[in-house]
Amino acid sequence: MTSAPTAMEYDPFSAEFQADPFPVYRWMQDEAPVFHSQKWGWWALSRFEDVRAAVTDPATFLSYEGIDIDDTAKDQSGPGFLPDIDNPRHDQVRRIVQPHFLPRRIAAQDANIREVVRGLIASWPDRDEVDLAQELAWPMPNEVFFDVLGLPSAREEGREQLERWIHELKDRRPDDARLTPVAKAATAGIQDYFIQLLEERRRHPRQDLVTHIVQADIDGVPFADEHLEPASEVLGLMMVLFLGGVESTAGLTGTLFKLLAENPDQRALLQRDPSLIPAAIEETIRYATPLQLAGRTTSREVTLHGVTIPAGGRLVLVYGAANRDPRQFPDPDTFDLNRGRMRHLGFGEGRHGCLGAPLARREVAIAAEEALPILGDYALAGPPVRYPTTPNMYVWSHLPLSLRA
Ligand code: HEM
């Protein structure tokens, strides 16, 4: 006789869950495919097909209440914050920046990205140990994205403060959905900074994305208000680019090198055949999805697997679980570079699918192309330290590697 499986709790804010979410994900998929959280009041989908169906039906699964399930949406987004707006406005705003992130435009960044990466790892051939998170995963997307956007370069005034804010914006306490006073102060600081920057570019245009954004119009109406304030749409757009452009790429970069240290057989495949680097990146996103979840709100009553979610119900799409669903991926808990073509949900999909995916993919690929030959048969030199952030993102503060394993 088999006994009934013990009910589990899906609480993405709990430190215990974050340490190893995967048993809970499997239980949800098998026993509670529409999980209802009594504690937080929302529902969660974890099977691949259910999550994909929801994400490609933006008329039923709305975004206006925010992609994050902590207080980020309330405190940090506002109008213009793409993941949190529905149509028709979403597509109008996205069209302002979309052309700048197409693969063809991003390809023009290749030489710059390579130069940044080479500069960051120049000392590595003479070293026994490096901290990959601090020395490559974080500074690379910082440097690249500041340049793409038109923010101050490493040598210009204001840069240090901006980098501090990037981290402070994400300040969180474990088991708490609220932003800390540090995060709120950083939010106000960055909004103020963006207002000055946009005003400055309005007066003195340059060939950069900030200038393009402040000069854009939608059907002949200027996108940026004449008098800019934190609640202006243009500020929300700047904020999502700033928040989206760095941390998740830092997370993916660190996680790729970490998984290759933990799976030396897969690393050997990659070192023998670097043409597998794009496959390694997709498999990393599938296996340890950098952004584990995204929130939605139902526009009507929805019944799925016998559970009814009312109109206006808050729903969590658990991308990190969907990407480990055995119904979709054979042997999902194995990190395997030879899966061939696969469709994962690590960049979302459809209307809100990641704007920056082509840029993130190029950055991580170039980091791997340049760093793997130098790192050789590297190993973890100590436990990786998780970055304190939005619940359940795979990002690392420290990733010590020893080069002579
Ligand atoms: C490895 C790196 C990245 C990962 C894993 C990632 C992941 C995601 C995911 C899952 C979504 C969909 C959210 C939803 O379903 O509501 C998304 C949306 C978005 N991402 Fe990324 N992202 C990454 C890098 C970037 C970069 C470099 C940028 C810079 C431009 C960026 C900007 C955005 C924006 C603006 C959206 C909202 C799109 C919309 O709602 O129209 N992301 N990202």
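The model is a predicted one, in which local features require pLDDT of at least 70 and side-chain atom pairs count only at pLDDT 80 or more, whereas totals for chains, interfaces and linings use all residues. Residue numbers start from 1 along each chain as its sequence is written.

**The sheets**

Begin by selecting the five-stranded open sheet, whose strands follow the order E1-E2-E10-E7-E3 with mixed pairing; strands here are DSSP runs (E, at least two residues) and helices are DSSP runs (H or I, at least four), numbered from the N terminus, and two strands pair if DSSP finds at least two bridges between them. At its edges are strand E1 (34-36) and strand E3 (61-62), each of which pairs on one side only. Strands of a sheet pair through backbone hydrogen bonds, either parallel or antiparallel.

Next pick residues 43-45 and 314-317, which are strands E2 and E10, paired in the parallel sense over 3 bridges; there, Ala-44 has Val-316 in E10 as its bridge partner. From E10, move to E7, which runs antiparallel to E10 and is joined to it by 4 bridges, with Ala-294 partnered by Leu-317 of E10. Strand E7 (residues 294-298) also pairs with E3, in the antiparallel sense and over 2 bridges, and Leu-62 stands opposite Thr-297 in E7.

A further open sheet has 3 strands in the order E4-E14-E11, with antiparallel pairing, and its edge strands are E4 (129-131) and E11 (379-380). Strand E14 (residues 400-402) is joined to E4 by 3 bridges, and Glu-129 has Ser-402 in E14 as its bridge partner.

**The largest nonpolar core**

Now select Val-51, Ala-137, Val-234, Leu-317, Val-318 and Tyr-319, which touch the most other members of the largest nonpolar core, a set of 106 residues. A nonpolar core is a set of buried Ala, Val, Leu, Ile, Met, Phe, Trp, Tyr and Cys residues joined through C-beta atoms within 7 Å, and a residue is buried if 20 or more other C-beta atoms lie within 10 Å of its own, exposed if 12 or fewer, and partly exposed in between. Helix H13 (residues 233-262) gives this core its largest share, 16 residues. Centre on Val-234, which touches residues including Gly-80, Leu-198, Phe-223 and Leu-228, contact being defined by C-beta atoms within 7 Å.

**The ligand shell**

Then display the 26 residues around the ligand, of which Gly-244, Ser-248, Gly-348, Cys-354 and Gly-356 come nearest; a residue is near if its C-beta atom lies within 6 Å of the molecule. H13 and helix H17 (357-375) are the elements that give two or more residues to this shell, and the largest share, 7 residues, comes from H13.

Select helix H7 (residues 110-120), where Ile-113, Val-116, Val-117 and Leu-120 are buried. Viewed down the axis of H7, these buried residues fall within an arc of 95°, so they line one face of the helix, the arc being that of the directions from the helix axis to the C-beta atoms. The face turned away from the buried side carries the exposed Ala-111, Glu-115 and Arg-118, while helix H8 (132-137), helix H9 (139-149) and H17 are among what covers the buried residues of H7.

Finish at Val-182, in helix H11 (residues 181-203), which counts as partly exposed because it has 14 C-beta neighbours inside 10 Å. Val-182 and Asp-171 lie 6.5 Å apart, C-alpha to C-alpha, and 11 residues apart in sequence.

Notes. Two residues are in contact if their C-beta atoms, placed from the backbone, lie within 7 Å. Lists of a residue's contacts leave out its neighbours within four places in sequence.
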